Amino acid sequence: MMMCDISQSGLLSGVPHGFLGRNGGVSNGIVSGLNVGLGSQDDPLAVAENRRRAVAAVAPGAQLVTVYQTHSADAVTVEAPFPDDARPHADALVTDRPGLVLGIVTADCAPVLLADVEAGVVGAAHAGWKGALGGITDATVAAMERLGARRDRITAAIGPCIARASYEVDDAFRMRFAAHDPATERFFADGRRAGHFQFDLEAYVAHRLAAAGVTRVAALGLDTYALPTRFFSFRRATHGGEPDYGRQISLIAVGSTVTPA
């Protein structure tokens with residue numbers, strides 16, 4: 001059996017966490033590997049087994065909690081697990097409860113894992129361009145503070161996401177960011193086609209975290225689009241004309257270090 005591909009950040013050392021890739025799962029076909037997407041066309045039993053393997057690799061014995069992601073700026077506080085068919089509509093979760101592992105599902109968007117070790121509070125956010133612009137990381141930090149975290153103690157890691165070299169956008173997209181803050185111009189480089197630009201989602205998310213007072217932020221620099229053997233990518237699947245795409249999961253839990261399987 002292939003082992004799960006787990007990326008971790010030294011900034012979250014001592015906190016059970018991991019950004020999982022597509023290797024180590026049981027799914028087949030165009031979503032082969034560790035596809036955890038409940039919204040995919042994959043066999044639900046395969047998705048359930050992949051989710052079980054992911055949790056076992058990062059936080060054995062913990063109960064997985066995820067949300068129904070909608071590219072919003074909404075963060076929820078988790079006190080107890082809820083079933084998959086009753087997931088709240090949100091794009092971030094926070095908790096201070098041991099025994100729970102928070103999961104965010106992505107396929108080009110930026111997964112962000114956060115922790116205040118001293119307070120025993122963790123968070124996980126799904127930051128696509130829309131959620132990032134709308135303030136999903138700000139909402140996550142605020143929700144962690146309500147549980148006793150302090151933003152000057154929070155550390156954050158940004159996991160595998162689409163990189164600037166792979167993320168071409170049009171001028172209307174760029175102007176949405178400029179309208180919010182003209183200083184965001186630095187996250188756009190000239191594109192390969194006239195009137196198009198290359199957007200640095202990872203750097204923008206790091207900027208929003210820093211602006212919110214999170215001073216210790218790590219970016220893994222892994223491009224989901226450019227690494228097809230390691231990661232699922234919605235944009236790559238779309239460009240390839242594929243009818244479905246897989247999703248990878250990023251996990252974090254309250255507790256002491258757990259060595260990945």
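With which side chain does the side chain of Glu 168 make a polar contact? It is the side chain of Arg 193, at 2.7 Å. A polar contact here is a pair of N or O atoms within 3.5 Å, where one must be able to donate a hydrogen and the other to accept it, and residues adjacent in sequence count only if both atoms are side-chain atoms.

Some ground rules. This is a predicted model: local features need pLDDT of at least 70, side-chain atom pairs count only at pLDDT 80 or more, and totals for chains, interfaces and linings use all residues. Residues are numbered from 1 along each chain as its sequence is written, and side-chain values use heavy atoms, with hydrogens and water left out.

Back to Glu 168. It sits in strand 10, residues 168-170. Strands are DSSP runs (E, at least two residues), numbered from the N terminus. Leaving aside residues up to four places away in sequence, Glu 168 touches Arg 192, Arg 193, His 196, Phe 197, Gln 198 and Arg 235. Touching means heavy atoms within 4.5 Å.

Five strands form an open sheet, order 1-2-14-6-3, with mixed pairing. Strand 1 (6-7) and strand 3 (63-65) are at the edges with a single partner strand each, so one side of each has no neighbour in the sheet. Two strands pair if DSSP finds at least two bridges between them. Strand 2 (residues 17-20) and strand 14 (residues 248-253) run antiparallel, joined by three bridges. There, His 17 stands opposite Ile 252.

Methods:
Helices (H or I, at least four residues) and strands (E, at least two) are DSSP runs, numbered from the N terminus.
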